[in-house]
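Reader: I'd like to learn how to read a few features of a protein model. Could you walk me through them?

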Amino acid sequence: MSGRVLAVDTGEKRVGIALSDPTGTIAAPLTVLPHVQMIEDCKRVAQLAIEHEVDLIVIGQALGADGETTRQALHAQKFAGQLGMICSIPIVLW
């Protein structure tokens with residue numbers, strides 16, 4: 001895969017954003033967004049993805065030690081679902 005990647009860390013108080021180089025090899029912090037409301041957070045992430053012409057959005061999904069779905073993982077899944085409804089850029093949970 002080549003192309004820019006936008007990495008998203010969804011938290012309860014903040015949403016961390018990192019952006020890769022054009023080859024998708026190395027990422028660096030871009031910004032931290034204060035959490036407002038999930039749909040508003042998704043809109044801001046979608047806007048950043050469009051502005052930076054990303055080819056893929058990766059959302060961090062915190063699984064438990066045995067791979068079980070945690071509360072944070074469910075939050076990331078819901079965020080990915082809402083973002084996918086307003087953004088046509090491919091999204092993966094990682």
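**Pocket, cysteines and a loop**

Author: Happy to! Strand E1 (5-10) and helix H2 (71-86) each give at least two residues to the lining of the largest pocket. Keep in mind that this is a predicted model.

Reader: Which element supplies the largest share of that lining?

Author: That is H2, with 5 residues. Among the lining residues are Asp9, Thr10, Arg71, Gln72 and His75. By type, the lining divides into 3 nonpolar, 6 polar and 3 charged residues, and the pocket holds about 160 Å³ of space.

Reader: Next, the cysteines. How many disulfides does a search of the whole structure find?

Author: First the general idea: a disulfide is a covalent bond between the sulfur atoms of two cysteines. Here the search finds 0 disulfides. Cys42 is in none, and its nearest cysteine sulfur, that of Cys87, is 9.4 Å away. Cys87 is likewise in no disulfide. A pair of sulfur atoms has to be within 2.5 Å to count.

Reader: Is Cys42 buried or exposed?

Author: Buried means under 20% relative accessible area. Cys42 has 0% relative accessibility, so Cys42 counts as buried. Cys87 counts as buried too, because its value is 10%.

Reader: And where is Pro22 found?

Author: Pro22 is in the loop between strand E2 (14-20) and strand E3 (27-34). Pro22 counts as exposed because its relative accessibility is 53%, and the cut-off for exposed is over 50%.

Reader: Leaving aside neighbours within four places in sequence, what is Pro22 in contact with?

Author: Gly3 and Arg4. Pro22 and Arg4 are 18 residues apart along the chain, yet their C-alpha atoms are separated by 4.8 Å.

Notes
Residues numbered from 1 in each chain as written. Predicted model: local features only at pLDDT ≥ 70, side-chain atom pairs only at ≥ 80, totals over all residues. Heavy atoms only, no water. Helix = DSSP H or I, 4+ residues; strand = E, 2+ residues; numbered from the N terminus. Buried < 20%, exposed > 50% of the residue type's maximum accessible area, 1.4 Å probe, protein only. Contact = heavy atoms within 4.5 Å. 1 Å grid on protein atoms, 1.4 Å probe; cavity = no way out; pocket = protein on both sides within 12 Å on 5 of 7 lines; lining within 4 Å. Points joined across faces, edges and corners; volume = space filled by probe spheres on them. Nonpolar A, V, L, I, M, F, W, Y, C, P; charged D, E, K, R; others polar.
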